[in-house]
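Subject: Structure for your files

Hello,

Here is the structure I said I would pass on. My notes follow it.

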Amino acid sequence: MTDYITDGYQVIENHNGHIMMTKVTGSGCSPTAITAACLAVETNNLAASAHAMALIGIAGDIATQHAKGPGSLQMALLDTLYLLNEDQIINHANIQLKEEL
């Protein structure tokens with residue numbers, strides 16, 4: 001799964017997340033809340049947005065290892081977001097600057 005984050009000048013690719021997340025209620029609005037939190041502490045809007053998408057994607061990657069389907073993924077995703085730690089973020093993040101427009 002790939003998400004593209006852009007400010008109109010640069011494109012960042014986020015390769016975290018699982019296709020089953022598209023079947024889970026909340027996996028669309030949760031990144032919005034996480035983005036707002038990241039924007040509160042990061043002045044670079046592109047970086048904050050990329051970090052937010054990485055966080056939800058990493059949580060999705062980890063949560064799908066324990067989920068049996070979309071219902072259990074929803075619960076596992078929320079639990080994983082709550083328990084996410086620095087080591088998991090460092091070890092699982094798969095984001096890169098793709099290009100400058």
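**Notes on the helices**

Thr-80 lies in helix H3. Please bear in mind that this is a predicted model. Is Thr-80 buried or exposed? Its relative accessible area is 10%, and the cut-off for buried is under 20%, so Thr-80 counts as buried. Apart from neighbours within four places in sequence, Thr-80 is in contact with Ala-59, Ile-62 and Ala-63.

Next, helix H2, which runs over 45-64. Of the 20 residues in H2, 14 are buried, which leaves this helix mostly covered. The length of H2 agrees with expectation, because 20 residues at 1.5 Å a residue should span 28 Å and the end C-alpha atoms are 29 Å apart. At the start of H2, the backbone nitrogen of Leu-46 has a side-chain oxygen of Asn-44 within 3.0 Å.

Helix H1 covers residues 29-41, and its buried residues are Ser-30, Pro-31, Ile-34, Thr-35 and Cys-38. Why do they fall on the same side of H1? They cover an arc of only 135° around the axis, which puts them there. As background, an α-helix has 3.6 residues a turn, so residues three or four places apart point the same way. The other side of H1 has exposed residues: Cys-29, Thr-32, Ala-33 and Ala-40.

What do the buried residues of H1 pack against? Their partners are helix H2 and helix H3, the latter spanning 70-83.

Regards

Technical notes: Residues numbered from 1 in each chain as written. Predicted model: local features only at pLDDT ≥ 70, side-chain atom pairs only at ≥ 80, totals over all residues. Heavy atoms only, no water. Buried < 20%, exposed > 50% of the residue type's maximum accessible area, 1.4 Å probe, protein only. Helix = DSSP H or I, 4+ residues; strand = E, 2+ residues; numbered from the N terminus. Arc of directions from axis to C-beta. Contact = heavy atoms within 4.5 Å. Expected span 1.5 Å × (residues − 1). Polar contact = N/O pair within 3.5 Å; in protein donor to acceptor, adjacent residues only side chain to side chain.
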